[in-house]
Amino acid sequence: MEEVWKDITLNTFHQERPITPLDHHIYHHHHHANSSPSFKGMILQDFLAGPLNRPLHVSQTVVEQPPLPLPLPLPPYPSPALPETALSLNSGLEFQYLGADATNSHSNSSSSGHNASFISSAFSSVAVGPPSPTDLFSLCSKKRLQENTAIGVDRHHKRMIKNRESAARSRARKQAYTNELELEVSHLKEENAKLKKQYEELRSAIGNPLPKRHPLRRSTTAPF
Amino acid sequence: MSRDPLVVGNVIGDVLDPFVKSTTLRVIYNNKELTNGSELKPSAVENEPRVEIRGRDMRNLYTLVMVDPDAPSPSNPTEREHLHWLVTNIPETKNASFGNEIVCYESPRPTAGIHRFVFVLFRQSIRETIYAPGWRQNFNTREFAALYNLGDPVAAMFFNCQRENGCGGRRYQSVSGWT
């Protein structure tokens, strides 16, 4: 069970869900009656029934070990990860709060995918701690979620640091080369100016008209 | 903030301490003079370069060290520095082929990331007998200089090198669908 959650938090960071917030609300209210006993089950089925446009990348382990009784269409369906991650959020209230927050979420989902982006940002924030992790943390249920997301945060954090270092090295490389070229250019300009000056000085020293080449001329022939 | 390419490229720091350049070093690969901080392909640096030391007094002798501080990869340089070449007793005005090659030239073949390859020149006070280290990995230029009393470097240059068909470290193409 724990591994599933872990996989979910890591995988779903990369995913986007083009579901509108409105649809989600409707599911929440309408399908309450005919759902499986748990709150979790209801959301899950709703999502499965919902209009998920884009196939998602789902890890093997997530598909193979569903913690809840999922209806049959699950395997071909692209979305088992999504509902399960959505379950990480406790109540509709949270969804709403997060929805408000979502508009400036970091994921690049398509413009129509508000819900998608907020869901992914919601749990991705929970899982991997970008925009306002502390806010979301205080809201969501702690306990087991925190453990797993801590691991996710760590990995993401390390990756982020590595990426930053790499970017810094890249900038340093570029800057070093640029500096070297600038130095060379100024050096060469200086040398060029100096040489030109020397040339001019030498020219004027000799006498302006360039010395004419004297072709061989006859002069007195020796008597022997 | 220094604009010296050696400082900006972190050669000063990772490999050397700050020094004052007092000799002109020219490194020539395939008849092309190396520009500090430029990037070369492994195929271009396969064979040893001609290393010229400008000057007037042939009695001055120099030691040349070539290391890779980014081995095996710049983000994880556990083998810093990897020794690629070590030549001693190079007379001023001449090139490295006139010296004693203690450690032969090893062609750079970086597998991961973009590596820096650094040439360091030391002026010797006397004709030296320098012994090759037991292995190329984890060479320490600073310690080496201290061990043989070479003092501060008199010149240094570096170039960047990555795998022959490297992509500059970029692994992912931007694909729509990735967040």
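The model is a predicted one, so please read each value below as computed from it. Chain B contains three helices and nine strands, and 49% of its 179 residues are buried. In chain A, the focus is helix α9, which covers residues 144-206.

**Chain B as a whole**

- Starting at the N terminus, the elements of chain B follow the order α-α-β-β-β-β-β-β-β-β-α-β.
- Take the contacts in chain B between residues at least 6 apart in sequence: 75% of them join residues at least 24 apart.

**A network of salt bridges**

- Over all chains, the count of salt bridges is eleven.
- B:Asp14, B:Asp70, B:Arg80 and B:Arg116 belong to a network linked by salt bridges.
- One of these bridges pairs B:Arg116 with B:Asp14, with their closest N and O atoms 2.8 Å apart. Because B:Arg116 sits in strand β8 (residues 115-124) of chain B and B:Asp14 in helix α2 (residues 11-14) of chain B, this pair ties together parts that are 102 residues apart in sequence.
- B:Arg116 counts as buried because its relative accessibility is 8%, which is under the 20% limit. B:Asp14, with a relative accessible area of 23%, is partly exposed.
- Another bridge joins B:Arg80 to B:Asp70, where the closest N and O atoms are 3.8 Å apart. Both B:Arg80 and B:Asp70 lie in the loop between β5 and β6 of chain B, so the pair ties together parts that are ten residues apart in sequence.
- B:Asp70 is buried, at 2% relative accessibility, whereas B:Arg80 is partly exposed, at 27%.

**Another salt bridge in chain B**

- B:Asp57 and B:Arg59 form a salt bridge, and the closest N and O atoms of the pair are 3.0 Å apart.
- At 69% relative accessibility, B:Arg59 is exposed, while B:Asp57 is partly exposed at 25%.

**Backbone features to look for**

- As background, most peptide bonds are trans, and most residues other than glycine have a negative phi.
- Where in chain B can you find B:Pro72, which is joined to B:Ala71 by a cis peptide bond? B:Pro72 is in the loop between β5 (61-68) and β6 (82-91), and omega of the cis bond is about -10 degrees.
- A cis peptide bond also runs from B:Arg80 to B:Glu81, with omega near -15 degrees. B:Glu81 is in the loop between β5 and β6 of chain B, and B:Arg80 is a member of the salt-bridge network described above.
- B:Asn31 is a residue other than glycine with a positive phi, near 65 degrees. You will find B:Asn31 in the loop between β1 (25-29) and β2 (32-33) of chain B, where this residue is exposed at 70% relative accessibility.
- B:Thr93 is not a glycine either, yet its phi is positive, at about 80 degrees. Its place is in the loop between β6 and β7 (100-103) of chain B, and B:Thr93 is partly exposed, with a relative accessible area of 35%.

**The surroundings of B:Glu52**

- B:Glu52 belongs to strand β4 (residues 50-53) of chain B.
- The side chains of B:Glu52 and B:Arg50 are joined by a polar contact of 2.9 Å.
- Leaving aside residues up to four places away in sequence, B:Glu52 touches B:Thr24, B:Leu25, B:Arg26, B:Ile28, B:Lys94 and B:Asn95.

**Helix α9 of chain A**

- Helix α9 of chain A has 63 residues, which at 1.5 Å a residue should span 93 Å.
- Which residues of α9(A) are buried? They are A:Leu145, A:Asn148, A:Thr149, A:Gly152, A:Ala172, A:Arg173, A:Ala176, A:Asn179 and A:Glu180.
- In general, an α-helix has 3.6 residues a turn, so residues three or four places apart point the same way.
- After α9(A) comes A:Gly207, which has a positive phi, near 125 degrees.

Conventions: Residues numbered from 1 in each chain as written. Chains lettered and ligands numbered in written order. Heavy atoms only, no water. Helix = DSSP H or I, 4+ residues; strand = E, 2+ residues; numbered from the N terminus. Buried < 20%, exposed > 50% of the residue type's maximum accessible area, 1.4 Å probe, protein only. Expected span 1.5 Å × (residues − 1). Polar contact = N/O pair within 3.5 Å; in protein donor to acceptor, adjacent residues only side chain to side chain. Contact = heavy atoms within 4.5 Å. Salt bridge = Lys/Arg side-chain N within 4 Å of Asp/Glu carboxyl O.
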